[in-house]
Amino acid sequence: MLSDVAVVVAAPVPAFELGIVSELFGLRRLDPELPSYRYAVCAEQRMPMPTSTGFRVTPTHTLRRLATADLIIVTGAAPPIPPPTPALLAALRRAAARGARLAAVCTGAFVLGEAGLLEGRRATTHWGYADDLAARHPGTTVDPDSIYVVDGPIATSAGASAAIDLCLHLIRADHGADVANRVARELVVPAHRSGGQSQFTRTPVSAPQLPGSRTLADLLDWAAAHPDADLSVGALAARAAMSPRTFARHFAAATGSSPAAWVRSQRVRLAEQMLERDGATIAAVARRCGLGSPDTLRRHFRAVRGVSPEQYRTAFGAPAR
């Protein structure tokens, strides 16, 4: 059972993530029956440190405090990420060796990776930096879509507000869903968010770049602009004056994708934009983006974004009329 929590910071301190962790573990709840923790903000030196937003914070403890914490949470900075110091890496390794739980918020995963604590494990970080984490630590299975990942005693989370989801999970794992839900209500946040990071990424509706194939590029520009047209392989091949087999081969060579997969992703992205920007019914969105029926839209949208169109609209969009 967690009772002692320490968060590790290094300059520039991510103010938002530190605030989240401090809110979850450093403050007493309004409900006295909810758990409270010994809490410390730790760094190599107890001296004022710049934050990501300009003001300064002063840690309450040095790294020696990590020797007694049940849970150590590591924060990270926006890339380029300053390399962690040997003293910090050694302290984290000692904590892991004695059985402490370690968690990282956002790019704090890079620090755990440098300490060798993600080797052979699953992990996540902000979707914008997931490829970099995977490249630096090939022995780690990086999941770019998960809001948080827990692999044994090591936990990692996606960017910024995903720290809330991770901290609530850690509370839930120790105290049960009822306690975590009550803490979430005090913070006025969802106790659990549906879907993964893919619902927060932004990829524009556009045709792929096809060097040396102007005819194919023009065709796909047209297809992106007419999602409700017949965009079957046969129809697209006919417009390109190719056989379906030849067209599919040229398309895959140029884009690395099948025509059907590209058309499906374009239609889902258009549906996403419509859900954000207007109040059309789900049936109208499905029809206008070329997916036909609401059920088809829901199936493809969930496969790509991890949530239903209705959930996506609730989070990001205009109310249905």
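**Close-up views of a predicted chain**

**View 1. The whole chain, for orientation.** Of the contacts in the chain between residues at least 6 apart in sequence, 61% join residues at least 24 apart, where contact means heavy atoms within 4.5 Å. This is a predicted model, in which local features need pLDDT of at least 70 and side-chain atom pairs count only at pLDDT 80 or more, while totals for chains, interfaces and linings use all residues. Residues are numbered from 1 along each chain as its sequence is written, and side-chain values use heavy atoms, with hydrogens and water left out. The secondary structure comes to 13 helices and 10 strands; these are DSSP runs numbered from the N terminus (helices are H or I, at least four residues; strands are E, at least two). Along its principal axes, the C-alpha trace spans about 70 × 45 × 35 Å. Of the 321 residues, 48% count as buried (buried is under 20% relative accessible area, exposed is over 50%, partly exposed is in between, with a 1.4 Å probe and protein chains only).

**View 2. Helix 5 and what surrounds it.** Helix 5 runs over residues 162–175, and its 14 residues reach 20 Å from first C-alpha to last, close to the 20 Å expected at 1.5 Å a residue (the expected span is 1.5 Å times one less than the number of residues). Mostly, this helix is covered: 11 of its 14 residues are buried, including A162, D165, H169 and D174. Those buried residues pack against helix 1 (15–25) and helix 6 (177–187), and also against strands 5 (71–74), 6 (101–104), 9 (148–151) and 10 (154–157).

**View 3. Helix 1 alongside helix 5.** Here the two axes come within 9 Å and cross at roughly 25° (axes are lines fitted to C-alpha atoms, for helices over the stretch in contact, and angles run from 0 to 180 degrees between N-to-C directions). That makes helix 1 roughly parallel to helix 5; the cut-offs are under 35 degrees for roughly parallel, over 145 for roughly antiparallel, 65 to 115 for roughly perpendicular, and oblique for the rest. The crossing is right-handed, meaning that the near helix is turned clockwise from the far one by less than a right angle. From helix 1, I20, V21, L24 and F25 meet A163, I164, C167, L168, L170 and I171 of helix 5. Look also for G19 in helix 1, which is partly exposed at 36% relative accessible area. The C-alpha atoms of G19 and A163 sit 9.9 Å apart, though 144 residues separate them along the chain.

**View 4. The largest nonpolar core.** This core has 37 residues, and L24, F25, L71, I73, I171 and V183 have the most contacts inside it (a nonpolar core is a set of buried Ala, Val, Leu, Ile, Met, Phe, Trp, Tyr and Cys residues joined through side-chain atoms within 4.5 Å). Strand 1 (4–8), helix 1, strand 5, helix 5 and helix 6 each supply at least two of its residues, with helix 5 giving the most, at eight. Leaving out residues up to four places away in sequence, I73 touches V5, A6, V7, V8, V21, F25, A103 and V105. Another core, of 30 residues, lies apart from this one and has A6, V111, A115 and I154 among its members.

**View 5. Helix 10 against helix 13.** Helix 10 (259–277) and helix 13 (309–316) pack at about 45°, their axes 8 Å apart. That makes helix 10 oblique to helix 13, and the crossing is right-handed. Helix 10 brings E272, M274, L275 and E276 to the contact, and helix 13 brings P309, Y312, R313 and F316.
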